[in-house]
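Please look through the sequence and the model below.

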Amino acid sequence: MSAVAHGARVFEGARVWAMSQEAFLAAAALIATHEERFAPELVIGLARGGVPLAREAARLLGVPAVEIRAQHNVSDLVGLQATGEVEVDEPALDAATTTVRRVLVVDDICGSGATLRAVTDLLGGSGVTARTAVLCRNDGADFPLDTWVWSVADWVRFPWEAPPPPASTPLPHPRQVHTAQEAP
């Protein structure tokens, strides 16, 4: 399946954000605490970037995590715009959700929203209720996220990626999540 992106990533070109492992763990805890009331039965991590968040959020929520391939970016080059085309591993998604009705879909960043849109559309079509959470929401994204921690307008390097450039800017320690009611 493929979907076309509606939003376009915003890059001010002012910095490369660097997320520390400590900031990541704090953000994952904030997301898990916020999403606990939804009572997800499964956390789906969109491969590659969403997998670390899925594992940590699922551990904190006491539910299983599963990795689903939903490929959008063609590389990790800084500032690269998304293609708008998303390929989702539909058989794996169907297999992972045959016995659940509530899932939390997570990713590292919502750049344009195309990846999350493709996956949640498939889940909705099979009767699964999905909420979405990401660590970072790019200012150009128009996807209606449920929960995110940082809003960004520049590239972000996550702890599981290649080290950020020497002049990168650390993301501030997270203190709260943001929700759909706050989106512009």
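This is a predicted model: local features need pLDDT of at least 70, side-chain atom pairs count only at pLDDT 80 or more; totals for chains, interfaces and linings use all residues.

Residues are numbered from 1 along each chain as its sequence is written, and side-chain values use heavy atoms, with hydrogens and water left out.

How many aromatic pairs does a search of the whole structure find? The search finds two, where rings of Phe, Tyr and Trp (its six-membered ring) pair if their centres lie within 6.5 Å, and planes under 30 degrees apart count as stacked, over 60 as edge-to-face and the rest as tilted. Phe24 and Trp160 form an edge-to-face pair, at 5.1 Å centre to centre and 75° between the planes. Phe24 lies in helix H1 (residues 21–35) and Trp160 in the loop between strand E8 (155–157) and strand E9 (169–170), so this pair ties together parts that are 136 residues apart in sequence. Helices (H or I, at least four residues) and strands (E, at least two) are DSSP runs, numbered from the N terminus.

The rings of Phe158 and Trp160 are stacked because their centres are 5.3 Å apart and their planes are at 15°. Phe24 is buried at 4% relative accessibility, whereas Trp160 is partly exposed at 30%; buried means under 20% relative accessible area, exposed over 50%, and partly exposed in between (1.4 Å probe, protein chains only).

Thr132 lies in strand E6 (residues 129–138) and counts as buried at 2% relative accessibility.
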